[in-house]
Amino acid sequence: MADTIKVTLVKSPIGAIPKHRRTVEALGLTKMHKTVELPNNDATKGMVNQVRHLVKVEEV
């Protein structure tokens, strides 16, 4: 299992429900196609799972 994961915003959160918009912002994704590296832990996995329809995830 990788220590970090790359999360990329591939769909705009404009039409998403407010909770998902806040989750995307909390992940550090502010613009389309921005990629951030996050630790591969349960909290991050839960956040990514909640907005899986808006992001692309890769293991590093």
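Contact here means heavy atoms within 4.5 Å. The model is predicted.

By that criterion, and leaving aside neighbours within four places in sequence, V7 is in contact with L29, K34, T35, V36, L38, V48, V55 and K56. V7 also belongs to the largest nonpolar core, which has 13 residues. The largest share, three residues, comes from β1. In soluble globular proteins, nonpolar side chains tend to be buried together.

Strand β1 spans residues 4-9 and pairs with β2 in the antiparallel sense. Five bridges join the two strands. One of the paired positions is K6, whose bridge partner in β2 is E37. Side chains alternate along β2, residues 35-39. V36 and L38 point to one face and are buried.

H20 lies in helix α1, which covers residues 18-26. Its relative accessibility is 15%, so H20 counts as buried, the cut-off being under 20%. Beyond four places in sequence, H20 touches Q50, V51 and H53. H33 lies in the loop between α1 and β2. At 58% relative accessibility, H33 counts as exposed, because the value is over 50%. The phi angle of H33 is near 65 degrees. This is a positive value in a residue other than glycine.

Technical notes. Residues are numbered from 1 along each chain as its sequence is written. This is a predicted model: local features need pLDDT of at least 70, side-chain atom pairs count only at pLDDT 80 or more; totals for chains, interfaces and linings use all residues. Side-chain values use heavy atoms; hydrogens and water are left out. Helices (H or I, at least four residues) and strands (E, at least two) are DSSP runs, numbered from the N terminus. Buried means under 20% relative accessible area, exposed over 50%, partly exposed in between (1.4 Å probe, protein chains only). Two strands pair if DSSP finds at least two bridges between them. A nonpolar core is a set of buried Ala, Val, Leu, Ile, Met, Phe, Trp, Tyr and Cys residues joined through side-chain atoms within 4.5 Å.
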